[in-house]
Amino acid sequence: MNTGIGSVVIVGGGLAGHTLADALRGRGFAGRITLIEREPAVYDRPPLSKAALAEDFALENIAFATTSQLEQKSIQVLTGRTVVGLDGGAQLDDGTIVTGDALVLATGGRARTLPFTGHDAPLVHTLRTFDDAVRIRRHARAGCHVLVVGAGLIGAELTSSLRNRGARVTLIDPVEIPLVPAAGEAFARLLHAMHADNGAEVRVGTVREVIAGSPGEAVLDDGTRLSVDAVVVGAGILPNVELARSAGLPVEDGIIVDHEHRVIDGIYAIGDVARTRGHDGELRRRHEHWEAAQLDALELAAILVGDEPEPRGAAWWWSDRYGVHVEGVGQMTGNGETVMRGNQAAFHLVGDQLVGAVSLDDPMTVRAARRLIDQHIPVSAAVLADPSVPLRSLLRAAR
Amino acid sequence: MAARIVAARVGDVVDGEAIVVSKAVTGTVDDIALFLDDGEYYALDNTCSHELASLADGWIERGVVECPTHTGRFCLRDGRVLSAPATEDVAAHQVHVDGEEIVIVPNPVRLATP
């Protein structure tokens, strides 16, 4: 099917934006593709809380593509440029207007800050960009004391990386055991306990105030005063909706899109910034996961060239910390029962249907589980609990 | 003449899985992963081009291997990278079945210099 789209302008060169450009070429799209990114490069973010905290790690290591790869694919990339308006195309900060038949907003999110007193002090950091990682590296050397606020994926990985750098770390979160919905209670507990096992001081609570200084001081909600060299807040993201809002597009904690990623005719939004309105009219939660951004882009690439997108399965995520690779798929809480497979994996079942799985250093179990979930293959708790039965064999048996 | 390496025997590799053939055997700069997918053998450099991971431990399906750590995907036939977070191809090696023997002919550009 010819959709009549001859050129595509993508605002934002994170995972969603770059994947879209690449996938359009992969589907044979021959028109002009312009990718506009305000950062100095188009790069992948997950390593920022891990590998990028090593001293000699360079931005090139996480670039999605080299300049010559982008040239080869005829993807025009404008880095270091901000889009300031959407009148008649993407208006750049230097006055240029880039026009296209399809305009795609992949503006992502920025780190959420917390409203404690002194949240804007120079020793308080967030982690969203490569520059943020470099700044944290500079302020969190061996022997420094760092307070990490928030024990979600970013805070947990950061704590692991900082311990690896030899920094002393205090990790604080308002919840006793974070990550329960994704990892299930047993594994969430196990994962959270790794922080203390690896020498971090773990607290339940919030930060009341940070006082600048060298070292500075953090005051916790229970009155505890900690001498700190740096504070890093990992409290999730806020979607970058300002451009869309100023252009009069529908915005509500995200840019509102339909099930085909369309905001209005000719304008689309994908990745962290997009929020889907379902057929029922209800707004879904934004998916702030790496693979969700990738899948948005792959689907939109198909739609823009008139192909049928592949159906999307259960959501998948991963985390690397303390040398352990964790991954999960689907939901580990809610109706149903949780089944443990030794200490390596856990499953969540509703009747004979698998709805979630999580594993430690056993990724193939989760890769099999996601296919069992997506193909609705019936399973039994007894078989799942038996580590001697490879999950892949259940898929084969069903063929 | 290109080296002819007897990497395994028929039956050594289970369909849908892979074995690692050590670079000490193949004389290459990286170990080689020998895959069997739907009755066809394939051989690629074993180390994912993204971060350190063994592709032989990956998910093998319909001519594609998915890295066990971060799901970067590679074409089993030619090693072409098919999806992020990997951005670079991995080298492919020739492989054929000769009677009961599975023979790898290493990609000359991946031979270790003696």
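In chain A, 6 strands build an open sheet with mixed pairing, in the order β3-β2-β1-β7-β20-β19. Two strands count as paired if DSSP finds at least two bridges between them. Strands (E, at least two residues) and helices (H or I, at least four) are DSSP runs, numbered from the N terminus. The model is predicted; local features need pLDDT of at least 70, side-chain atom pairs count only at pLDDT 80 or more, and totals for chains, interfaces and linings use all residues. Residues are numbered from 1 along each chain as its sequence is written, while chains are lettered from A and ligands numbered from 1 in the order in which they are written.

The sheet has two edge strands, β3 (75-79) and β19 (262-264) of chain A, and each pairs on one side only. On average, neighbouring strands are turned by 25 degrees against each other, direction ignored. β19(A) runs antiparallel to β20 (residues 267-269) of chain A, joined by 2 bridges. Here A:R262 stands opposite A:Y268 of β20(A).

Helix α1(A) packs on this sheet. It touches β1 (7-11), β2 (32-37), β3 and β7 (102-105) of chain A. Its direction makes about 170 degrees with that of β2(A). Axes are lines fitted to C-alpha atoms, for helices over the stretch in contact, and angles run from 0 to 180 degrees between N-to-C directions.

Between the chains, 12 residues of chain A are in contact with 9 residues of chain B. Contact requires C-beta atoms, placed from the backbone, to lie within 7 Å. On the chain A side, α1 (15-26) and α8 (363-374) are the elements that give two or more residues. The largest share, 3 residues, comes from α8(A).

Note on methods:
Contact = placed C-beta atoms within 7 Å.
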